[in-house]
Structures are given as structure tokens and as C-alpha cells.
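These are my notebook entries on a structure that was new to me. I went through it one topic at a time and wrote down what I looked up.

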Amino acid sequence: QVQLAESGGGLVQPGGSLRLSCTASDLILEYYNIGWFRQAPGKEREGVSCIRGSDGRTYYGDSVKGRFTIFRDRAKNTMYLDMNSLKPEDTAVYYCAATAGRWSDQTICDIRRGMDYWGEGTLVTVSA
């Protein structure tokens with residue numbers, strides 16, 4: 001049974017850093033389009049950062065460019081999200097997800113395309 005398990009969330013002060021991890025079971029991440037999505041209270045879930053499986057192309061949402069870095073470790077079958085210079089508006093539940101569906105350059109990380117597998121989420125709270 002495929003499982004995605006996130007870890008690394010927590011409470012951090014503005015300007016601080018966190019690293020999120022997503023470990024997969026019964027699924028080889030490098031063969032899928034994978035990414036991080038987040039949902040803040042009262043808001044829709046959105047794509048934060050993704051990696052296209054076919055060529056490793058990465059995507060970052062405008063609000064996180066220059067602050068977040070996504071990468072994967074093939075040997076550990078794990079995806080990471082390094083988050084720096086965190087802001088209160090980054091507060092959300094962060095989910096990792098994977099899909100075997102095709103991502104074009106225009107649809108990479110587009111949540112409306114649907115994802116096949118989701119983790120349970122990990123809460124990130126940025127507050128003084």
C-alpha cells in the first residue's frame with residue numbers, strides 16, 4: 001500500500017528555517033511527479049514547490065521563490081523542502097503528493113490536474 005509520510009513541521013519564529021521531509025513506501029519517488037502543497041486556514045490548497053519526474057525540472061510558487069528549495073534523495077526515496085526566511089503567511093498544513101500524470105511546462109505543480117497520492121500533512125506555524 002502506497003504511503004507518503006511527512007515530517008519536520010513545527011513552530012518557528014519569523015525569519016527562521018525548517019526542513020520538511022516526505023518518505024515514500026511502495027512508491028519510487030523519482031518515477032513520479034512529486035511536490036509540496038499547503039493549505040492555510042480558510043484558504044484553498046495550493047502548490048508550493050514541485051519536481052517533474054521526467055526531467056527533474058522544479059517549480060516554485062511566486063510567494064516562496066528564493067526562500068524554499070525542493071530536492072529529493074534517490075537512495076532514501078525521500079523528498080525534502082528546505083524553508084528559509086519563513087513568514088507568518090507561510091503558516092499552513094504542508095502536504096507531500098505524487099502523481100503519475102503528465103505535467104507540461106504550463107501545468108507543473110498545478111493542483112487542478114489532480115494528484116494520485118497524498119500524505120497526511122504536517123503543520124508549520126510561523127509566529128513570534
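Entry on strand pairing. I looked up A5 and found that its bridge partner is T23 in β3. I must keep in mind that this is a predicted model. β1 and β3 pair over 5 bridges in the antiparallel sense, and I then traced the sheet around them, an open one of 4 strands in the order β1-β3-β8-β7 with antiparallel pairing. Which strands stand at the edges? They are β1 (3–7) and β7 (68–73), each with a single partner strand, so one side of each is left without a neighbour in the sheet. From one strand to the next I noted a twist that averages 15°.

Entry on the disulfides. I noted for myself that a disulfide is a covalent bond between the sulfur atoms of two cysteines, and the count here comes to 2 disulfides. One of them joins C22 to C96, with 2.1 Å from S to S, and with 60° about the S-S bond this link is right-handed. C22 lies in strand β3 and C96 in strand β9, so the pair ties together parts that are 74 residues apart in sequence. Are these cysteines buried or exposed? C22 counts as buried at 1% relative accessibility, and C96 is buried as well, with a relative accessible area of 0%.

A disulfide also joins C50 to C109, where the S to S distance is 2.0 Å. C50 counts as buried at 0% relative accessibility, while C109 is buried with a relative accessible area of 5%. Counting bonded cysteines along the chain, I wrote the pattern down as 1-3, 2-4.

Entry on I51. This residue has its place in strand β5 (residues 46–51) and is buried, with a relative accessible area of 4%. What does I51 touch, leaving out residues up to four places away in sequence? I listed its contacts, among them Y32, I34, T58, I70, F71 and W103. I51 and F71 are 20 residues apart along the chain, and I noted 7.8 Å between their C-alpha atoms.

Entry on aromatic rings. The structure holds 4 aromatic pairs. The rings of Y32 and Y117 have their centres 6.3 Å apart and their planes at 70°, and because over 60 degrees counts as edge-to-face, I recorded the pair as edge-to-face. Y32 is in the loop between β3 (18–25) and β4 (33–39) and Y117 is in strand β10 (residues 117–118), 85 residues apart. Y117 is partly exposed, with a relative accessible area of 30%.

The rings of Y95 and W118 are also edge-to-face, with centres 6.2 Å apart and planes at 85°. Y95 lies in strand β9 (residues 92–99) and W118 in strand β10, so this pair ties together parts that are 23 residues apart in sequence. Y95 is buried at a relative accessible area of 13%, whereas W118 counts as partly exposed at 31% relative accessibility. Together with F37, Y95 and W118 form one aromatic cluster.

Entry on charges over rings. The charged end of R45 sits over the ring of Y95, 3.7 Å from its centre, and the charged end of R19 sits over the ring of Y80, 5.5 Å from its centre.

Methods: Residues are numbered from 1 along each chain as its sequence is written. This is a predicted model: local features need pLDDT of at least 70, side-chain atom pairs count only at pLDDT 80 or more; totals for chains, interfaces and linings use all residues. Side-chain values use heavy atoms; hydrogens and water are left out. Rings of Phe, Tyr and Trp (its six-membered ring) pair if their centres lie within 6.5 Å; planes under 30 degrees apart count as stacked, over 60 as edge-to-face and the rest as tilted. Helices (H or I, at least four residues) and strands (E, at least two) are DSSP runs, numbered from the N terminus. Buried means under 20% relative accessible area, exposed over 50%, partly exposed in between (1.4 Å probe, protein chains only). A charge sits over a ring if NZ of Lys or CZ of Arg is within 6 Å of the ring centre and within 35 degrees of the ring normal. Two strands pair if DSSP finds at least two bridges between them. Axes are lines fitted to C-alpha atoms, for helices over the stretch in contact, and angles run from 0 to 180 degrees between N-to-C directions. Contact means heavy atoms within 4.5 Å. A disulfide is a pair of cysteine sulfur atoms within 2.5 Å.
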